[in-house]
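Reader: I would like a close look at one part of this model. Please take the salt bridges and keep it brisk.

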Amino acid sequence: MVKRQRITFFNDPYSKMGDQLRLLREYNGMTISELAEKIDVSNKMISNYENGYNRITIETIVKIYNNEAFGNMELEEIFRILVINIFE
């Protein structure tokens, strides 16, 4: 089996998105399993997002918002943390 490589380059914004997701999850006192269950994805997918193996999609960000994974954060706030602040 071939091990997937982390998609990283110097200052790679997609890896930073995963780092921000991890920080949000940990700040809210959640495990990978708890977040995965809330947004109906696998534990492995959350791990892959956080470790930079997969890119977080807009669909996933909307799932986080719709399922109130991080409490009552506004969609704009989640989007700002996971996307806008990174790509500015």
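Is arginine 25 buried or exposed, going by its relative accessibility?

Author: Arginine 25 counts as buried, because its relative accessibility is 8%. Buried means under 20% relative accessible area, exposed means over 50%, and partly exposed lies in between (1.4 Å probe, protein chains only). First, the ground rules. This is a predicted model: local features need pLDDT of at least 70, side-chain atom pairs count only at pLDDT 80 or more, and totals for chains, interfaces and linings use all residues. Residues are numbered from 1 along each chain as its sequence is written, and side-chain values use heavy atoms, with hydrogens and water left out.

Now the pairs. A salt bridge here is a side-chain nitrogen of Lys or Arg within 4 Å of a carboxyl oxygen of Asp or Glu. Searching the whole structure gives 4 salt bridges. Arginine 25 meets glutamate 50 in one of them, at 2.6 Å from N to O. That pair links distant parts of the chain: arginine 25 sits in helix H1, glutamate 50 in helix H3, 25 residues apart. Helices are DSSP runs (H or I, at least four residues), numbered from the N terminus.

Arginine 25 also forms a salt bridge with glutamate 26, at 3.9 Å from N to O. Glutamate 26 is partly exposed, at 46%.

Glutamate 50 has another partner, arginine 22; their closest N and O atoms are 3.5 Å apart. This pair too links distant parts of the chain, 28 residues apart: helix H1 spans residues 13-27, helix H3 residues 43-51. Glutamate 50 is buried, at 1% relative accessibility. Arginine 22 is partly exposed, at 23%.

Put together, a network of salt bridges links Asp19, Arg22, Arg25, Glu26 and Glu50.

Note on methods. Helix = DSSP H or I, 4+ residues; strand = E, 2+ residues; numbered from the N terminus.
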